Every structure is written in structure tokens, then in C-alpha cells.
Amino acid sequence: MVTTTKGAVTKHAVLERAVALASRVGLGGLTIGTLAEDLDLSKSGLFGHFKSKEALQVQVLDHAAERFVQAVIRPALAQPRGVPRLRAIFEKWLDWARSSPMPGGCLFVAAATELDDKTGPVRDRLEQLQRDWLGVMATSYRKGIEAGQFPADADPDQFAHDMYGVMLAYHHAHRLLRDPKAEARARHAFEALLP
């Protein structure tokens, strides 16, 4: 039996709100003060949990990443290797993007634009999370090569790059352009990546 302390439950609830807030105001707009105001709590109480703005922002990224793992990666990796797994990754990722639990859209897409030319631990953590995600896609494709479903000389890293590009285009078309064909276009582009 797993026991959860009251402090851990409180911190989880605070991180849930912090992820939602960061999706609306950006990671740069997320401070202990803005979170305290949003939660109607004292700054000193939140400072006890996070110690600094950067620590809060890194923990928010990690919390959002764990949600992504639970919603997208774990279910997709449970599928058979090769095309079924890659389709599951695409479908779960599309579900995540389409019905994101974050009111401001995908935190990772917004944070990538916000942090791409900055330095520091928050950018470093986001970069590592994104590299890990690209690695999951490349490894899934590599396993498909091993299973004989893709050409032996195919480039798994290129596939991951291209699949990521499809989803970034989907985010742009869906959220910014409000293109009613965004999902159909993303599906077409994904299918074109498969042999």
C-alpha cells in the first residue's frame, strides 16, 4: 500500500494549478508570487515548497512531463513494436494536443518558444525533456526496423524529427490559425512518414 503525506498531496495540487497557470502566462510569468495569488495562499508557504522561481519552473516542467508520460508515452509503448506503436504515439500525442488539460495549450510548445534563446536550469530541463521525447520516438522507430517493418537503412532520428515537425505544425494550425483541417492535415503528414 502506498501512503501519501498531506504535504505531498498539497504539493501535487499546487503543481497542478501551477501547470495550468504556466500554460496561460508562460514559464517566465510563473513566479511564487503569481502562483500564491492564483491559489490565494501566502508566498512564504509556497516558498517552503519550491525555494526559488527557477525551482518552481523546473518542477512544473517535470510535473507536466509526468502527465505526458501517463497520457501519451506509457499507453503507446504498450502497443506492439513498429507501426502499431508509432500510430499509438501519434494518436495519443494528438489527443494530448487536441484536448490538453492545460487551458493555454501545450506547455512544452509554449516553453520551447519562450526559452529557446535563454540559458539556465529551466531551459536545460526543457531541452532534456524534449531530447528524451525525441529519443522515445527514434527508439520506437528503431524497434520497427528491427521487427522488419521499416527499411534497414532508414534513419530513426530523422523520423523522430519529422514526426515532431508534424505535431508542431498541428499546434500552429489548430491553436493559432484555427484551421478546421489541422487534424486532417496532421494525419496526412504522419501517414506520409510511414512506408
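Helices α4 and α7 run roughly parallel to each other, because the angle between them falls under 35 degrees. In this predicted model, the axes of α4 (residues 53-77) and α7 (residues 121-146) come within 9 Å and cross at roughly 10°.

Let's look at who takes part in this pairing. From α4 come Glu-54, Gln-57, Val-58, Leu-61, Asp-62, Ala-65, Phe-68, Val-72, Ile-73 and Leu-77, and they meet Pro-121, Val-122, Arg-125, Leu-126, Leu-129, Trp-133, Val-136 and Ser-140 of α7. By type, the residues of this contact split into 13 nonpolar, two polar and three charged.

With 25 residues at 1.5 Å a residue, α4 should span 36 Å, and the 34 Å between its end C-alpha atoms agrees with that. Along the way, α4 bends by about 45° at Val-69.

Now step back to the whole protein. You will find nine helices and zero strands, so the pattern along the sequence reads α-α-α-α-α-α-α-α-α. The C-alpha trace spans about 55 × 45 × 30 Å along its principal axes. Of the 195 residues, 38% are buried. Taking contacts between residues at least 6 apart in sequence, 66% join residues at least 24 apart.

Is Leu-30 buried or exposed? Leu-30 has a relative accessible area of 0%, which is under 20%, and therefore counts as buried. Leu-30 sits in the loop between α1 (6-25) and α2 (32-39). Leaving aside residues up to four places away in sequence, Leu-30 touches Ala-18, Leu-21, Ala-22, Val-25, Leu-35, Lys-53, Leu-56, Gln-57 and Val-60. One of these, Gln-57, also belongs to the α4 side of the contact with α7. Between Leu-30 and Gln-128 there are 20 Å in space, C-alpha to C-alpha, and the two are 98 residues apart in sequence.

Technical notes:
Residues numbered from 1 in each chain as written. Predicted model: local features only at pLDDT ≥ 70, side-chain atom pairs only at ≥ 80, totals over all residues. Heavy atoms only, no water. Axes fitted to C-alpha atoms, helices over the stretch in contact; angles between N-to-C directions. Helix = DSSP H or I, 4+ residues; strand = E, 2+ residues; numbered from the N terminus. Parallel < 35°, antiparallel > 145°, perpendicular 65-115°, else oblique. Contact = heavy atoms within 4.5 Å. Nonpolar A, V, L, I, M, F, W, Y, C, P; charged D, E, K, R; others polar. Expected span 1.5 Å × (residues − 1). Bend = angle between axes of the 7 residues up to and from the residue. Buried < 20%, exposed > 50% of the residue type's maximum accessible area, 1.4 Å probe, protein only.
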